[in-house]
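Open the model in a viewer and keep the selection panel at hand. The tour below goes stop by stop, saying what to select and what is found there.

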Amino acid sequence: MRGNDVIVRTGSKWLSFIIIMFSFFIFMSGHNNPGGGFIGGLMAAGALVLVAVAFGTKVLYRLLPLNYRLVTAAGLLIAVLTGVGSFIFDVPFLTHTFGIYHLPILGETELATATLFDLGVYLTVVGVTMTIILTIGEDV
Amino acid sequence: MSNNLIVLPLLIPLLTGIVLIFINRHRKLVRWVSGVSSIINIFIAASVVQNVRLDGVQILNMSGWEAPFGITFTADMFATLLVLTTALIGAACIFYSFYTIEEQRERHYYYALVQFLLVGVIGSFLTGDIFNLFVCFEVMLVASYGLIVIGGEKRQLRESLKYVLINVLSSTLFVTAIAYLYGSVGTLNMAHLSQRVAEVSQGGILTVIAILLLIVFALKAGLILYFWLPGSYQVPPAAIVALFGGLLTKVGVYAIVRTFTLIFYHDPGITHTMIAWMSGLTMVFGAIGALAYRDVNRILIFNIVISIGFLGFGLSTATEAGQSGVIYYLLHDMIAKTLIFMLAGLLIKAAGTEDTRQMSGWIRRHPALGWMFFVTALAIIGVPPLSGFVGKLLIVEGGLAAEQYLLTGIGLASSLFVILSLVRIFMNAFWGEEQEIHESAVQPSKKALVPGAALLILLVFIGLGAELLHPYIDQAGDVLLNPQLYIDAVLKE
């Protein structure tokens, strides 16, 4: 039975978006500032857990119909494939590269393949954390 | 040109494991993918061995960072031979699982976990960085936690709790030891470590760290600190125990060999004597355990303990014969232990009981299984034309050369106890009057014998083709005896 939790629900509606945005910011800034895929992923999982706590897991699944085990596997696959890419260019495994590109809106931007590896870490962390929490949560 | 071939034996199981998570629902596809990838991996591992044979120690600097600063994968002959053996054992266990693992387990990512276990084991063999060794150990251990608890029987839960506890403790000790080591010499690359330890000529604090590492690896390998082993290895199904018995403890042995031939070889008076006595006691306790029990699995588990003791003794002699004996015996023992656990698994399934006193006359119902078990037992004991002989002979030779007469005696006596324990299983289970079939017995599929037969042929080949293998073993032994070869390959390119 759920009590009157209108404050929690209203608050978490705003907060979860802010947390997701912040996790994305942390993820993108990992190269030159503290942050990166691991902490970003944990924070995103935190936002999802907040939704699950405030609205219940059913609402979470309706919002984001994801199988988190596959999210983990996708993250691993992305991370490994960025390493495997080095086979094509005949350089040692896991060699990463970067280039400076002119993007619309953003202007001069440094794009590095290490970010793709980090994206893999991000997805893996989100997947693992959500799998653990939802598996334990749904058993009860 | 880059040496990316070296990383492939690790990469293939890793990618396969990931893909298996995606296709987990399609059982047939999962079996096909894991079977095919395991066979491909054998060929790749074999080609790496051949490369090392032709061109000496191969290295791969990950990401192209030069040796002491990046992670280096070092493929010397010793490591690559073990990688090849691991690939063979992995393939055999995967094919054996097709016929013995229940659907329930398969649905819970069984094959993916097996692939990740192989990733950890192969990574541990290939890596040239001590912290990366820790990471690979953890990959292997986390996968083995999954495999030991999968199925969720009551006794599995109890034993996996002990197994996880002891391994978390030993991993913590491992990290602590690495921290001390890094604090005192300031590097993690094994070749660089070896150089720096040689420069400061292994003083008191480094010997203490060496002993701490010895304790950690002894916990993993079951060298005297084997108290967790009999319980944990008894609960999972045969395919998983075969994998564990063939690989996990042997990775610990590999780590001991690597550490004490590459890094801490300057003060053998303390460390090697310690290994020698630990091994002696391990053999004695293992022999007592092997004789004390009547359960097929327990007897075989204590046989693992005996062989770990024997390997440790071979290492501690630090002679040329002893080192090549260790390599020879390690390769033989990995395959032989996997095989005997596979066969014992089929026997237990067919008999419906683990107790040798309740089995009798199985030779008439399963002649092939019986004779395969017999030949494997002879190979483990070390009867001359078979594989265990050469390794044992060399280790004994090394022991005599190092004038370790008492320990050599224990080593030889332990062979007698191995004979007694294995022949006891064989005589009780296969000879005698045919007995009524136990109510919980399941007729195992005849096809499950095929991967076992493949391993048996391999064992016979290792014994008969010792002459063919000799140059490979020699090359592996060279690097163990002259760490400078390893250091030069890694640091001067």
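UniProt positions are quoted here in the numbering used for this structure, with feature names shortened, and such annotations may be inferred rather than shown by experiment. The model itself is predicted.

**Chain A, the annotated spans.** Select residues 12-30, 36-56, 68-89 and 119-137 of chain A, which an unreviewed UniProt entry lists as "transmembrane region". Keep residues 12-30 of chain A first: this span is 89% helix and 0% strand, with its end C-alpha atoms 26 Å apart.

**The contact of chain B and chain A.** Show both chains and select the residues in contact: 17 from chain B and 17 from chain A. Together the two chains bury about 1500 Å², of which 76% is on carbon and sulfur atoms. Five residue pairs are in polar contact across this interface, with both residues at pLDDT 80 or more. On the side of chain B that touches chain A, helix H1 (8-22) and strand E1 (58-61) of chain B each supply at least two residues. H1(B) gives the largest share of that side, seven residues. Coloured by residue type, the side of chain B that touches chain A has 12 nonpolar residues, five polar and no charged. The number of salt bridges between chain B and chain A is zero.

**Salt bridges in chain B.** Over all chains, the whole structure holds 13 salt bridges. Select B:Glu106 and B:Arg31, which form one with the closest N and O atoms 2.9 Å apart. B:Glu106 sits in helix H4 (residues 103-107) of chain B and B:Arg31 in helix H2 (residues 27-55) of chain B, 75 residues apart. B:Glu106 is buried at 5% relative accessibility, whereas B:Arg31 is partly exposed at 23%.

Next, select B:Asp333 and B:Lys250, a salt bridge with its closest N and O atoms 3.5 Å apart. B:Asp333 belongs to helix H14 (residues 320-351) of chain B and B:Lys250 to helix H11 (residues 238-263) of chain B, so the pair ties together parts 83 residues apart in sequence. Buried or exposed, what is B:Asp333? B:Asp333 is buried, with a relative accessible area of 0%, and B:Lys250 also counts as buried at 0%.

End at B:Arg357 and B:Asp355, whose side chains meet in a salt bridge of 3.3 Å, N to O. B:Arg357 is exposed at 55% relative accessible area, while B:Asp355 is buried at 15%.

Terms used. Residues are numbered from 1 along each chain as its sequence is written. Chains are lettered from A and ligands numbered from 1 in the order in which they are written. This is a predicted model: local features need pLDDT of at least 70, side-chain atom pairs count only at pLDDT 80 or more; totals for chains, interfaces and linings use all residues. Side-chain values use heavy atoms; hydrogens and water are left out. Contact means heavy atoms within 4.5 Å. Buried area is the accessible area (1.4 Å probe) that two parts lose on being put together, summed over both. A salt bridge is a side-chain nitrogen of Lys or Arg within 4 Å of a carboxyl oxygen of Asp or Glu. A polar contact is a pair of N or O atoms within 3.5 Å; within protein, one must be able to donate a hydrogen and the other to accept it, and residues adjacent in sequence count only if both atoms are side-chain atoms. Helices (H or I, at least four residues) and strands (E, at least two) are DSSP runs, numbered from the N terminus. Ala, Val, Leu, Ile, Met, Phe, Trp, Tyr, Cys and Pro count as nonpolar, Asp, Glu, Lys and Arg as charged, and the others, Gly among them, as polar. Buried means under 20% relative accessible area, exposed over 50%, partly exposed in between (1.4 Å probe, protein chains only).
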